[in-house]
Amino acid sequence: HVQLVESGGGSVQAGGSLRLSCEVSGLALNNYCVSWFRQAPGKEHERVARITGGGASLYADSVKGRFTISQDNAKNTVYLQMNSLKPEDTAMYYCAAGLGCAIDYRRYSDWGQGTQVTVSS
């Protein structure tokens, strides 16, 4: 059974930083792709970043240069370092794992419960 647990969210002022963690169990991180999604109330899911089993990263234009995704295979954990946070980054953040690296959230069946990020002006 695959399980993902997010942590690290919180409330910060614009310009601040947070590091989100996604602890994964039930699969070998080296063989899967993990994506970070976010969703604000009334808005669509947006894929913020993804990382392949081989460590290749990709970012949405809205966060490129500010966010960094990384993984620790020994700990089976994926991280999202979030710097220079903006109010528009406010959302519930989720991680999801799959054999592919789909940009569409509907392609994923294994999700964490989410962690809230709130950025104030």
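Modeller: Cys 33 and Cys 101 form a disulfide, with 2.1 Å between their sulfur atoms. Bear in mind that this is a predicted model. The torsion about that S-S bond is about 120°, so the disulfide is right-handed. The bond links distant parts of the chain, 68 residues apart: Cys 33 sits in strand 4 (residues 33-39), and Cys 101 in the loop between strand 9 and strand 10. As for the surface, Cys 33 is buried because its relative accessibility is 1%, while Cys 101, at 30%, counts as partly exposed.

By the sulfur distance rule, the count comes to two disulfides. The other bond joins Cys 22 to Cys 95, again with an S to S distance of 2.1 Å. Here the torsion about the S-S bond is about 75°, so this disulfide is right-handed too. It also ties together distant parts of the chain, with Cys 22 in strand 3 and Cys 95 in strand 9 (residues 91-98), 73 residues apart. Both ends are hidden: Cys 22 has 0% relative accessibility and counts as buried, and Cys 95 has 0% and counts as buried as well. If you number the bonded cysteines in sequence order, the pairing reads 1-3, 2-4.

Four strands make up an open sheet in the order 1-3-8-7, with antiparallel pairing. Strand 1 (3-7) and strand 7 (67-72) are the edges, each pairing on one side only. On average, neighbouring strands of this sheet are turned by 15° against each other, direction ignored. Strand 3 (residues 18-25) pairs with strand 1 in the antiparallel sense over five bridges. Within that pairing, Cys 22 in strand 3 stands opposite Glu 6.

Glu 6 and Cys 95 come up again around Gly 112. Leaving out residues up to four places away in sequence, Gly 112 touches Leu 4, Glu 6, Tyr 94 and Cys 95. Gly 112 lies in the loop between strand 10 (110-111) and strand 11 (115-120). This glycine is buried, because its relative accessible area is 10% and the cut-off for buried is under 20%. The C-alpha atoms of Gly 112 and Cys 22 are separated by 7.9 Å, although the two residues are 90 apart along the chain.

Terms used: Residues numbered from 1 in each chain as written. Predicted model: local features only at pLDDT ≥ 70, side-chain atom pairs only at ≥ 80, totals over all residues. Heavy atoms only, no water. Helix = DSSP H or I, 4+ residues; strand = E, 2+ residues; numbered from the N terminus. Buried < 20%, exposed > 50% of the residue type's maximum accessible area, 1.4 Å probe, protein only. Contact = heavy atoms within 4.5 Å. Pairing = 2+ DSSP bridges. Axes fitted to C-alpha atoms, helices over the stretch in contact; angles between N-to-C directions. Disulfide = S-S within 2.5 Å.
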